[in-house]
Amino acid sequence: MNCEQVQTQLAAYLYGDADKSQRHTIEQHLASCPACTRELAELQGVRGALNQVAAPPVHVDLAALYRQEGEWQRRRLRRWRRLAWTLTAAAAVLFLILFLRVEVRWDRGEVVIGWNMAPVAPPPAAAPDLTADVNRLRDLVHALAANADHNDQRRDLDLAVLEARLDELLARSEARWTAAENGLRALYVAHFGTLTKGDAP
Amino acid sequence: MESTDHVLMERWRQGDARAFEELVRRWEGRVARFLAGYGVRRDLLGDLTQEVFVRVLRAGPRYEPRSSFQAWLFQIAVNLARDATRRRQPAPWPEEEPATPREPSATVEEAEATRLVEQALAQLPEPLRLVLVLRHYEDMSFPDMSRLLGAPASTLKSRFAAALGRLRVLLESLRPDLEETER
């Protein structure tokens, strides 16, 4: 055995867990190996340190222990009783539902409780009324078209009013322009005496 | 002649309350020391040791004399210790924890040595610490430990060797003069 192998077995050797042949081999190695002997001494030091730890002074209070156990048993019994009551109640409810045909349901905003009820047949599925749907769709399209026409008419009226106002503004501005032109011409004649072609204004 | 643990268990199951008391007195110190070595805080040791015996009381009817009483008892203790250390983080070790002697005869040095060893043990990984404490303080054999922890004995032996080696390093780092004190 080399040092590495011996050192992995020193703990077992120290605590008497090595068998006779292992012990013999280790002791032979230790006799000629100061490093492993030192290692063993260090482990013995650790063992000594562990031995120094005093057992904590703990005293189990038997009376408290029995009280604790009694309390636990009582809690357990209460839990079982609660469980038994719950199961009994659940079984009773199941019995009422299955054998007395009790029914509790929510109908139009109120709770309805009944017994000996015949099973409620589900409402027949409504047949799809395609004609009504198509009619509703047609009405909707017409309404939309009428609405669009109405909007178009209003838009046309607004446009006509706007055009009339624009024409009126143009006429007014032309009249003002003509008046201003005449005024300027009169001033020119008064100042220069005659108005020749090409002269301003 | 001192009754074996099996005999005491049998007597207790037949209604002899004194047999249970004898068992408690026989094992309470060892259970407490195991819990302390495992890393349970000192202030919780009393309650947890008490809890171990409450569980023993509760599990008594299911006790099988085929296995060793020690392994059965420590199975309960290991489970509780694991729960306790998982639930409650260990209190940080104060630099100057009052070195109150645990027994009137214990010296301040002994208390300090105990504190250092427990501090070093607490720093070991749980699988190593568990094997070390069971082997050293409980003198539990590796086959018994194997049944208790559900790991092969050879694995546990390796863990034990590793634990001892790492504890040495930890103790050296915590108290460099350990060797001089020990020698």
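# Notebook: the A/B contact and some charged residues

**Polar pairs first.** I started at the boundary and got 13 residue pairs in polar contact between chain A and chain B, both partners at pLDDT 80 or more. I am keeping in mind that this is a predicted model.

**Which parts of chain A face chain B?** I went through the helices next. Helix 1 (3–14), helix 3 (34–51) and helix 4 (62–99) of chain A each bring at least two residues to the side that touches chain B. Helix 3 of chain A gives the most, with 11 residues. I then sorted that side of chain A by residue type and wrote down 20 nonpolar, seven polar and six charged.

**Size of the contact.** I counted 33 residues from chain A and 46 residues from chain B in the contact. Interface size is often quoted as the accessible area lost when the parts come together, and I looked that up too. The two chains bury about 3,500 Å² between them, with 63% of it on carbon and sulfur atoms. On the chain A side, A:Leu50, A:Val53 and A:Val58 lose the most area to chain B, and together they make up 17% of what that side buries.

**Salt bridges across the boundary.** Opposite charges on side chains can pair when the charged atoms come close, so I searched the interface for such pairs. The rule finds four salt bridges between chain A and chain B. One pair I noted is A:Glu69 with B:Arg58, whose closest N and O atoms are 2.9 Å apart. I also found a network of salt bridges that links A:Glu39, A:Glu42, B:Arg168 and B:Glu172.

**What does B:Glu28 touch beyond its neighbours within four places in sequence?** My list has A:Val58, A:His59, A:Val60, B:Thr49 and B:Phe53. B:Glu28 sits in helix 2 (residues 17–38) of chain B. Buried or exposed? I get a relative accessible area of 8% for B:Glu28, so this residue counts as buried. A polar atom of the B:Glu28 side chain lies 2.7 Å from the backbone nitrogen of A:Val60. The B:Glu28 side chain also makes a polar contact with the side chain of B:Arg25, at 2.9 Å.

**Salt bridges within a chain.** Over all chains the count comes to 24 salt bridges.

- A:Glu71 and A:Arg78 meet through their side chains at 3.7 Å, N to O. A:Glu71 is partly exposed at 29% relative accessible area, and A:Arg78 is partly exposed at 41%.
- A:Glu168 pairs with A:Arg172, with the closest N and O atoms 2.5 Å apart. A:Glu168 and A:Arg172 are four residues apart in helix 5 of chain A, so about one helical turn separates them. I have A:Glu168 as partly exposed at 43% and A:Arg172 as partly exposed at 46%.
- B:Glu22 pairs with B:Arg26, with the closest N and O atoms 3.7 Å apart. B:Glu22 and B:Arg26 are also about one turn from each other, because they are four residues apart in helix 2 of chain B. B:Glu22 is partly exposed at 34%, and B:Arg26 is partly exposed at 22%.

After helix 5 of chain A comes A:Gly193, with a positive phi near 90°.

**Positive phi in residues other than glycine.** I wrote down one in each chain.

- A:Arg108 has phi near 45°. A:Arg108 lies in the loop between strand 1 (103–107) and strand 2 (110–114) of chain A, and I have it as exposed at 78% relative accessible area.
- B:Asp139 has phi near 50°. B:Asp139 lies in the loop between helix 6 (126–136) and helix 7 (142–149) of chain B, and at 57% relative accessible area it is exposed.

Methods: Residues numbered from 1 in each chain as written. Chains lettered and ligands numbered in written order. Predicted model: local features only at pLDDT ≥ 70, side-chain atom pairs only at ≥ 80, totals over all residues. Heavy atoms only, no water. Contact = heavy atoms within 4.5 Å. Buried area = accessible area lost by both parts, 1.4 Å probe. Polar contact = N/O pair within 3.5 Å; in protein donor to acceptor, adjacent residues only side chain to side chain. Nonpolar A, V, L, I, M, F, W, Y, C, P; charged D, E, K, R; others polar. Buried < 20%, exposed > 50% of the residue type's maximum accessible area, 1.4 Å probe, protein only.
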